[in-house]
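Subject: Structure handover

Hi,

Here is the structure I promised to pass on. Have a look at it first, and then read on for what I found.

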Amino acid sequence: MNLNLVDQLTLLALDDEKGNFITDSFSFAYGLAGAIILELSLQERIVVEGNKLKVKSTETCGDALLDHFLDMISGSKKERSIQTWVETIGEKYSSIKEGTVEKLIKEGILRREEKKILWIFSVDKFPTENAKPENLLRKRLNDILINDCEVDMNEIMLISLIDMCELNNEVYGKERAKEFRKKIKGIIEKGQLSSSIGKAVKEIHDALMAVMVILMASTVITTTTTS
């Protein structure tokens, strides 16, 4: 079963038993936007030139969500900055989340349950149906930290997104996340300099992380000012 960065990040952000998302919606929204952009770059569909995101290939990714945003980027009347695309895609947070969850339900990994709040309001929950894909993913991520395993391009990108979305405690456990905090940062930094990472992917990753930090910081400032 081939899960892309968007699928993996979504699985890791869900409480397996309760079926609800445990991460802050703001950071997760930009995290999903980042996952889409990084996945498109890993699949060599987009590149960064200057500060603009450019389409390298419009060949289908074989995934409805990725193809939708590839079409959106390629169909833009003008080339736009990576910050613009992070914001634009991040605004589609709800549809991205719903589309990814539906995909994972069809794959038999999640299931949908309707819960009542105060016996009036209905809320959908998405507990785990088949835990194997996520368990293997979590095991691999923890092995990287504990056993100094070699990491590939996808894993470096995922580790970086997990860190950006503040999911380290959830993925590695609170104590391990604290113990390996420097190591997590080191893997991300070392990965960015690794010769195994294509120049285009590295450029997009660096630009994306910088943009996400700026967007999150500006939102915190705005919230503080208006409160």
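To start with the overall picture, the protein has 11 helices and 5 strands. Keep in mind that this is a predicted model. Of the 227 residues, 44% are buried. If you take the contacts between residues at least 6 apart in sequence, 62% of them join residues at least 24 apart.

Now the core. The largest nonpolar core holds 66 residues, and Leu9, Ile36, Val86, Leu141, Ile162 and Tyr172 have the most contacts inside it. The biggest contributor to this core is H2, which gives 11 residues.

Helix H2 runs over residues 25-42, so to speak 18 residues from end to end. From first C-alpha to last it reaches 25 Å, close to the 26 Å expected at 1.5 Å a residue. Because 16 of its 18 residues are buried, H2 is largely enclosed by the rest of the structure. Just past the end of H2, Glu44 takes a positive phi of about 60 degrees, in case you want to check the backbone there.

Ile36 deserves a click while you are in H2. Leaving out residues up to four places away in sequence, Ile36 touches Val6, Leu65, Leu66, Phe69, Ile89 and Ile96.

Which residues of H2 meet H3? On the H2 side they are Ile36, Glu39 and Leu40, and on the H3 side Leu65, Leu66, Phe69, Leu70 and Ile73. By class, this contact has 7 nonpolar residues, no polar ones and 1 charged. As for geometry, the axes of H2 and H3 are 10 Å apart and the two helices pack at an angle of about 85 degrees. With that angle falling between 65 and 115 degrees, H2 is therefore roughly perpendicular to H3.

On to H1, which is mostly covered: 8 of its 8 residues are buried. They are Leu5, Val6, Asp7, Gln8, Leu9, Thr10, Leu11 and Leu12, so you will find Asp7 and Gln8 on the buried list along with the leucines. What do the buried residues of H1 pack against? Their partners are H2, H3 (64-74), H5, H6 (132-147), H7 (153-164) and H8 (168-172).

The H1 and H5 pair is worth a view of its own. The axes of H1 (residues 5-12) and H5 (residues 93-106) come within 10 Å and cross at roughly 90 degrees, which means that H1 is roughly perpendicular to H5. Val6, Asp7, Thr10 and Leu11 make the contact from H1, while Ile96, Thr100, Val101, Lys103 and Leu104 make it from H5. By class there are 5 nonpolar, 2 polar and 2 charged residues in this contact.

Is Thr100 buried or exposed? Its relative accessibility is 2%, so Thr100 counts as buried, the cut-off being under 20%. Again leaving out residues up to four places away in sequence, Thr100 touches Val6, Asp7, Thr10 and Leu65. Thr100 and Gln8 are 92 residues apart in sequence, yet their C-alpha atoms are 9.8 Å apart in space.

Cheers

Definitions and conventions
Residues numbered from 1 in each chain as written. Predicted model: local features only at pLDDT ≥ 70, side-chain atom pairs only at ≥ 80, totals over all residues. Heavy atoms only, no water. Helix = DSSP H or I, 4+ residues; strand = E, 2+ residues; numbered from the N terminus. Expected span 1.5 Å × (residues − 1). Buried < 20%, exposed > 50% of the residue type's maximum accessible area, 1.4 Å probe, protein only. Axes fitted to C-alpha atoms, helices over the stretch in contact; angles between N-to-C directions. Parallel < 35°, antiparallel > 145°, perpendicular 65-115°, else oblique. Contact = heavy atoms within 4.5 Å. Nonpolar A, V, L, I, M, F, W, Y, C, P; charged D, E, K, R; others polar. Core = buried A, V, L, I, M, F, W, Y, C linked by side-chain atoms within 4.5 Å.
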